[in-house]
Amino acid sequence: MYKKRHLNIGSEKIKEYFPTDYVINKLLGLYEYLFAIKFEKVNIPVWHKDVQAFAVRDNGEFIGYSYIDAVPREGKYTHAECDDIITYIENPDATKQLPVAVLISNASLPGNGVPSLLSVEELGTLLHESGHAMNFIFNRFPYAGLTSDWDCQNTQFRE
Ligand SMILES: [Zn+2]
């Protein structure tokens with residue numbers, strides 16, 4: 001309201017500064033910088049052509065996968081969330097099951113030459129949920145199911 005009344009900037013105008021692909025690339029770059037990791041785009045099976053898959057590497061060592069599903073479509077959730085579809089586990093034989101995180105968000109549909117754009121609220125939500133994805137990837141608690149979604153305070157910092 002303040003922005004619209006005093007600065008004459010509507011939320012549609014602000015969205016133009018946050019194309020979804022651009023924001024995701026910058027976000028991955030920020031996490032690479034902060035945590036000294038690498039997101040390597042990989043060509044593995046995905047459930048829709050708009051889904052991107054990344055292998056996450058720490059000093060070259062593969063530590064997990066992260067899927068990003070950020071564009072809305074028919075039949076998809078309309079909210080944002082992050083899930084660990086495979087949880088980190090240390091097996092009794094010392095082998096490890098590495099985590100797979102799925103980051104789901106929704107921005108505007110691309111079309112008419114306009115890319116998918118994020119509102120300020122959607123941007124905040126994407127940052128929040130990406131924090132959960134990083135938590136799932138970095139989790140090294142040896143038992144499955146005990147790390148789920150307890151750390152919203154931690155990831156609110158990333159908003
Ligand atoms: Zn949360």
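Two strands count as paired here if DSSP finds at least two bridges between them. Helices (H or I, at least four residues) and strands (E, at least two) are DSSP runs, numbered from the N terminus. What you have open is a predicted model, where local features need pLDDT of at least 70, side-chain atom pairs count only at pLDDT 80 or more, and totals for chains, interfaces and linings use all residues. Residues are numbered from 1 along each chain as its sequence is written.

**Whole chain**

Color by secondary structure first. Of the 159 residues, 28% count as buried (20 or more other C-beta atoms within 10 Å of the residue's own; exposed is 12 or fewer, partly exposed is in between, with C-beta atoms placed from the backbone).

**The sheet**

Next, select E1, E2, E3, E7 and E4. These five strands form an open sheet in the order E1-E2-E3-E7-E4, with mixed pairing. E1 and E4 (81-86) stand at the edges with a single partner strand each, so one side of each has no neighbour in the sheet. Neighbouring strands are turned by 25 degrees against each other on average, direction ignored; axes are lines fitted to C-alpha atoms, for helices over the stretch in contact, and angles run from 0 to 180 degrees between N-to-C directions.

Zoom in on E2 and E3, which pair antiparallel over seven bridges. Look for phenylalanine 54, which sits opposite serine 66 in E3. The two strands make a hairpin with two residues between them, and asparagine 59 in that turn has a positive phi of about 55 degrees. Now slide over to E1: five bridges join E1 to E2, again antiparallel, and glutamate 40 has alanine 55 in E2 as its bridge partner.

**Helix H3**

Select 20-35. H3 has 16 residues and reaches 22 Å from first C-alpha to last, close to the 22 Å expected at 1.5 Å a residue (that is, 1.5 Å times one less than the number of residues). Which residues of H3 are buried? Thr20, Val23, Ile24, Leu28 and Tyr31. They cover an arc of only 135 degrees around the axis, which puts them on the same side of H3; the arc is that of the directions from the helix axis to the C-beta atoms.

The buried residues pack against E1 (37-41), E3 (61-69) and H4 (120-138). Contact here means C-beta atoms, placed from the backbone, within 7 Å. The direction of H3 makes about 145 degrees with that of E1. Just past the helix, alanine 36 takes a positive phi of about 55 degrees.

Now pick H4, which lies across E2, E3, E4 and E7, running at about 175 degrees to E7. Then show the largest nonpolar core, which has 26 residues; a nonpolar core is a set of buried Ala, Val, Leu, Ile, Met, Phe, Trp, Tyr and Cys residues joined through C-beta atoms within 7 Å. Val56, Ala101, Leu103, Leu118, Ala133 and Ile137 touch the most other members. Two or more residues each come from H3, E1, E2 (52-58), E3, E7 (100-104) and H4, and H4 gives the largest share, six residues.

Last stop: alanine 101. Leaving aside neighbours within four places in sequence, alanine 101 is in contact with Gly64, Ser66, Cys82, Asp84, Ala133, Phe136 and Ile137.

Notes:
Two residues are in contact if their C-beta atoms, placed from the backbone, lie within 7 Å.
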